[in-house]
Amino acid sequence: WGAYKSNKPDFKGIITDENRFKNYLQDFANLSPEELTTQKVDALRIKLLKSGKKAGTVKNVLELLRRIVNFGVKKGLCPWQNPSRLHFEMPRLNNTKTEMLTEEERKRFIEAARNAANQKAGQIMLMAYYTGMRRSEIFRLKWRHIDFEHDFINIVGEGQEGAKSNRDECIPLSPPVRELLQEIEKGDSPYIFPGKDGVSRLTDINKQVNAIK
């Protein structure tokens, strides 16, 4: 938390983050990310909801905890946290329910994706599962956006190329994603998952939509 806070001196929401940390995350202050578990995060969520906190408040607290952990991974302060042992289940908002895969379902999904008849489609599904990236972000992802040395993925906010927020974002390059990328043949296209003629798959999709119009 200290490193996260000092790294964001110009972040407008840091005061709000600090209040949330002091009010709700003090029990986690002396824990390392490796000591966090899904059970401990679930216990925090249930405790806050039972105390009368609104679902939106609880979600913001959990999001802050997750951001701190991801920051630590990106900056090399802690190792990548395996989602099979540390998962953040968010409370329901506006009747939206978060569906969780069981361990058996996760194994079946990964196996089905790896053995898909269309290998490229299976790889795209695995990329989405491992990273949480949107389809448009995956289709725009280029090899130059992968920092293998420092273990993170750049989602750049340049024009039509980047993140939905239109700002640069970074997410950890986890071991499963690194392994997946090593399996993908690097051709002449700058895109990791190119469409026809090596262009972005979004370009192909837009052409198809325009053709229908």
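At what angle do helix α2 and α4 pack, and how far apart are their axes? In this predicted model, α2 (residues 14-24) packs against α4 at an angle of about 100°, and the two axes are 10 Å apart. Angles of 65 to 115 degrees count as roughly perpendicular, so α2 is roughly perpendicular to α4.

**Helix α2 with helix α4**

- On the α2 side, the contact is made by Asp17, Arg20, Phe21 and Tyr24.
- On the α4 side, these residues meet Thr57, Asn60, Val61, Leu64, Arg67 and Ile68.
- Sorted by class, the residues in the contact of α2 with α4 are five nonpolar, two polar and three charged.

**Helix α3 with helix α4**

- Helix α3 covers residues 38-50 and helix α4 covers residues 55-74.
- Their axes come within 9 Å and cross at roughly 155°.
- Angles over 145 degrees count as roughly antiparallel, and α3 and α4 are therefore roughly antiparallel to each other.
- The crossing of these two helices, α3 and α4, is right-handed.
- From α3, the contact involves Val41, Leu44, Arg45, Leu48 and Leu49.
- From α4, the contact involves Ala55, Val58, Val61, Leu62 and Leu65.
- The contact of α3 with α4 holds nine nonpolar residues, no polar residues and one charged residue.
- Val61 of α4 takes part in the contact with α3 and also in the contact with α2.

**Helix α5 with helix α6**

- Helix α5 spans residues 103-114, and helix α6 spans residues 119-131.
- The axes of α5 and α6 come within 8 Å and cross at roughly 145°.
- Arg106, Phe109, Ile110, Ala113 and Arg114 are the α5 residues in this contact.
- They meet Gly122, Met125, Leu126, Tyr129 and Tyr130 of α6.
- In the contact of α5 with α6, seven residues are nonpolar, one is polar and two are charged.

**The second largest pocket**

- The second largest pocket has a volume of about 300 Å³.
- Its lining consists of 18 residues, and Trp1, Phe28, Leu31, Pro33 and Ile68 lie nearest the centre of the pocket.
- Helices α1 (2-6) and α4 each supply at least two residues of this lining.
- The largest share of the lining, five residues, comes from α4.
- By class, the lining has 16 nonpolar residues, two polar residues and no charged residues.
- Ile68 lines this pocket and is also one of the α4 residues that meet α2.

Terms used
Residues numbered from 1 in each chain as written. Predicted model: local features only at pLDDT ≥ 70, side-chain atom pairs only at ≥ 80, totals over all residues. Heavy atoms only, no water. Axes fitted to C-alpha atoms, helices over the stretch in contact; angles between N-to-C directions. Helix = DSSP H or I, 4+ residues; strand = E, 2+ residues; numbered from the N terminus. Parallel < 35°, antiparallel > 145°, perpendicular 65-115°, else oblique. Left-handed = near helix turned anticlockwise from the far one by under 90°. Contact = heavy atoms within 4.5 Å. Nonpolar A, V, L, I, M, F, W, Y, C, P; charged D, E, K, R; others polar. 1 Å grid on protein atoms, 1.4 Å probe; cavity = no way out; pocket = protein on both sides within 12 Å on 5 of 7 lines; lining within 4 Å. Points joined across faces, edges and corners; volume = space filled by probe spheres on them.
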